[in-house]
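Here is a short walk through one protein model. Keep the sequence and the 3D view side by side as you read.

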Amino acid sequence: MTFSRKLIMAVILILLLAAAVFPALLAGQYSIEPGQVWALIWSKVTGIPNPDVGLAQEVIIWKIRLPRLVLAVTTGMALAVSGAAYQGCFRNPLV
């Protein structure tokens, strides 16, 4: 597999991960509009405060939902790496 093909595959997988994570940011007891989530993320990245998003939405996204998603993604990555390591160690595709 060439480097460019690996790069394309990595970009596609990252986009799929983002497509799976974004709806999880919207799900919860308190509904937050997708536009508000994008505005909140954009304001954090750029450092420019956004008056359209309230403090409650900011706390819900950054203190509750995003840490939960980061933990879930990290756990999934750890399980994938450990499974690959077991397969490599034991040379058994069923491990």
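Start at Phe90. With 53% relative accessibility, Phe90 counts as exposed, because exposed means over 50% relative accessible area, buried means under 20%, and partly exposed lies in between (1.4 Å probe, protein chains only). Phe90 forms an aromatic pair with Tyr86. Rings of Phe, Tyr and Trp (its six-membered ring) pair if their centres lie within 6.5 Å; planes under 30 degrees apart count as stacked, over 60 as edge-to-face and the rest as tilted. Here the centres are 5.7 Å apart and the planes 10° apart, so the pair is stacked. Tyr86 and Phe90 both sit in helix H3, four residues apart, which is about one turn of the helix. Tyr86 is partly exposed, at 47% relative accessibility.

A word on the model itself. This is a predicted model: local features need pLDDT of at least 70, side-chain atom pairs count only at pLDDT 80 or more, and totals for chains, interfaces and linings use all residues. Residues are numbered from 1 along each chain as its sequence is written, and side-chain values use heavy atoms, with hydrogens and water left out.

Now step back to the whole chain. The protein has three helices and zero strands, and its pattern along the sequence is α-α-α. The radius of gyration is 18 Å, well over the 12 Å that the globule rule gives for 95 residues, so the protein is more spread out than a compact globule. That radius is taken over C-alpha atoms, and the rule is 2.2 Å times the number of residues to the power 0.38. Helices (H or I, at least four residues) and strands (E, at least two) are DSSP runs, numbered from the N terminus. The C-alpha trace spans about 55 × 30 × 20 Å along its principal axes. Of the 95 residues, 13% are buried.

How many aromatic pairs does the structure hold? There are two. Besides the Tyr86 and Phe90 pair, Phe22 and Trp38 are stacked, at 4.7 Å centre to centre and 25° between the planes. Phe22 lies in helix H1 (residues 3–26) and Trp38 in helix H2, so this pair ties together parts that are 16 residues apart in sequence. Phe22 is buried at 16% relative accessibility, whereas Trp38 is exposed at 52%.

Next, look at charge. Side chains of opposite charge can pair when their charged atoms come close. A salt bridge is a side-chain nitrogen of Lys or Arg within 4 Å of a carboxyl oxygen of Asp or Glu. By this rule the count is one. The partners are Glu58 and Lys44, at 3.4 Å from N to O. Glu58 is in helix H3 and Lys44 in helix H2, 14 residues apart, so the bridge links distant parts of the chain. Both are partly exposed: Glu58 at 29% relative accessibility and Lys44 at 45%. Leaving aside neighbours within four places in sequence, Lys44 is in contact (heavy atoms within 4.5 Å) with Glu58 and Trp62.

Finish with Arg65, in helix H3 (residues 55–90). Beyond residues up to four places away in sequence, Arg65 touches several residues, including Leu25, Tyr30 and Ile60.
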